[in-house]
Amino acid sequence: MSMSTLPTTRTTPVVLPGTRAALWLFGTVALCLAAYYFIGVDQGATSVFGNSMYIHEFVHDARHFLGFPCH
Amino acid sequence: MERRFIVRGLLVGAIGGLLAFVFARIFAEPQIQRAIDYESGRDAAQAVLDKAAGLTAETAGPDLFSRTIQANVGIGVGMIAFGAAMGGLYAVAYALACGRTGKLRPRNLALLVALGGFLGFYLIPFIKYPANPPAIGHEETIRDRSGLYLVMVVSSIAFLVLAVWLGQRLKPRFGNWNATLLAALACAVAIGIVMALLPSLGHLHANVEQFGRHPTETPLPLKDPQGRIVYPGFPADVLFNFRFYSVAAQAILWAAIGLCFAPLAERLFAETAQAPGTAPEPVTA
Ligand SMILES: [Zn+2]
């Protein structure tokens, strides 16, 4: 596998040598996991914004349908 | 490079979420409404029983959002945001998998990573703790149920990643095909053990105390003190339809992510191959 072969027959090279893009990767993972948490878990088992139920109630149907445990 | 992956991942995730939302709006919402109607009817029957027993029923608080908002805007925002979040994580997983998972074309890898996301984030946890419509699940066990579900999600993803690693390790000795089968088998056994060890939801302490040992929290028929059924158990067809549509929606979401990302990835690699200055180091793995 080398850069000279045709792109369509090429296999995937290592894109990220690990540390180079660490910040972008960690940022993305953190952001996406936060979204996952707020849609699926918050204001059920635990609650970040005190005792309110606004997020839970708003995305309530999605929470059930996406497979998260709910009330 | 990683930024371009991530932007594309978020985008295809949002598209997948949008498709899953349209599906949910058409197929899931009627089932959700049936479940809520069942719950209201059951609560009313319970209130009559409580009154006869001399208990005063607690009144439920006012709804924060109307059903119309929840069933149209709320589920839309939830599904699209969930899709985008999955797309972002997908892009990170894809970028990390490049060059570390054997000889695969960019677009085949795109489909395999999407399959992994579908299995790890949804389908494997679903086998142990399936999705439930409203009216199923007790207030007292929400903490336990959420914890158990997340343990299932985390261990599914961890074992899938380990299986990929194991497959790569076994490949020189057993060849591609056999190494893949062995790694898949090891993964299935490990996840099976976790499933066997984790309790069923009906076996949680609060449930056993109140209802006896049942596999799930699905409402049983409501009986009066004489043991006559005054309200039926949760309708089986609604439960089946809801779960079936839930699986279908996630399949749509992950298929959209994989199928939309595949040509984008193929093009990204073609572009970087044409511009050698920005090309990543080729590796012989
Ligand atoms: Zn709910």
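Chain A brings 44 residues and chain B brings 75 residues to the contact between them, where contact means heavy atoms within 4.5 Å. This is a predicted model, in which local features need pLDDT of at least 70 and side-chain atom pairs count only at pLDDT 80 or more, while totals for chains, interfaces and linings use all residues. Residues are numbered from 1 along each chain as its sequence is written, chains are lettered from A and ligands numbered from 1 in the order in which they are written, and side-chain values use heavy atoms, with hydrogens and water left out.

**Chain A on its own**

- Chain A holds three helices and zero strands; helices (H or I, at least four residues) and strands (E, at least two) are DSSP runs, numbered from the N terminus.
- Read from the N terminus on, its elements follow the order α-α-α.
- Chain A has 71 residues, and 46% of them count as buried; buried means under 20% relative accessible area, exposed over 50% and partly exposed in between, with a 1.4 Å probe and protein chains only.
- Among the contacts in chain A with a separation of 6 or more, 14% come from residues 24 or more positions apart.

- On the chain A side, F58(A), F65(A) and H71(A) supply 16% of the area buried against chain B, more than any other three residues.
- One salt bridge is counted between the two chains, a salt bridge being a side-chain nitrogen of Lys or Arg within 4 Å of a carboxyl oxygen of Asp or Glu.
- The partners in a salt bridge are D61(A) and R67(B), with their closest N and O atoms 2.9 Å apart.
- The rule also finds six residue pairs in polar contact across the interface of chain A and chain B, both residues at pLDDT 80 or more. A polar contact is a pair of N or O atoms within 3.5 Å; within protein, one must be able to donate a hydrogen and the other to accept it, and residues adjacent in sequence count only if both atoms are side-chain atoms.
- Helices α1 (22-40), α2 (54-58) and α3 (60-65) of chain A each supply at least two residues of the side that touches chain B, and α1(A) gives the most, with nine residues.
- That side of chain A divides into 29 nonpolar, eleven polar and four charged residues. Here Ala, Val, Leu, Ile, Met, Phe, Trp, Tyr, Cys and Pro count as nonpolar, Asp, Glu, Lys and Arg as charged, and the others, Gly among them, as polar.

**Two buried residues of chain B beside chain A**

- Q70(B) lies in helix α2 (residues 67-97) of chain B and is buried, with a relative accessible area of 4%.
- A polar atom of the Q70(B) side chain lies 2.8 Å from the backbone oxygen of E57(A).
- Leaving out residues up to four places away in sequence, Q70(B) touches E57(A), F58(A), H60(A) and D61(A) from chain A, along with E29(B), F65(B) and I75(B).
- E29(B) belongs to helix α1 (residues 2-52) of chain B, and its relative accessible area of 5% makes it buried.
- Beyond its neighbours within four places in sequence, E29(B) has contacts that include D61(A), R67(B) and Q70(B).

**The two domains of chain B**

- Chain B is assigned domain 1 (1-58 + 66-136 + 234-273) and domain 2 (138-217); the bounds come from an automatic or database domain assignment.
- Taken over C-alpha atoms, the centres of the two domains are 19 Å apart.
- Their contact takes 14 residues from domain 1 and 17 residues from domain 2.
- Together the domains of chain B bury about 1,400 Å², 70% of it on carbon and sulfur atoms.
- In domain 1, I124(B), K128(B) and Y129(B) lose the most area to domain 2, together 46% of what that side buries.
- Zero salt bridges are counted between the two domains, while five residue pairs are in polar contact across their interface, both at pLDDT 80 or more.
- The side of domain 1 that touches domain 2 has seven nonpolar, four polar and three charged residues.

- I124(B) sits in helix α3 (residues 106-128) of chain B and is buried, with a relative accessible area of 11%.
- Apart from neighbours within four places in sequence, I124(B) is in contact with L119(B), M152(B), S156(B), L160(B), I191(B) and M195(B).
- The C-alpha atoms of I124(B) and S155(B) are separated by 9.6 Å, with the two residues 31 apart along the chain.

How values were computed
Buried area is the accessible area (1.4 Å probe) that two parts lose on being put together, summed over both.
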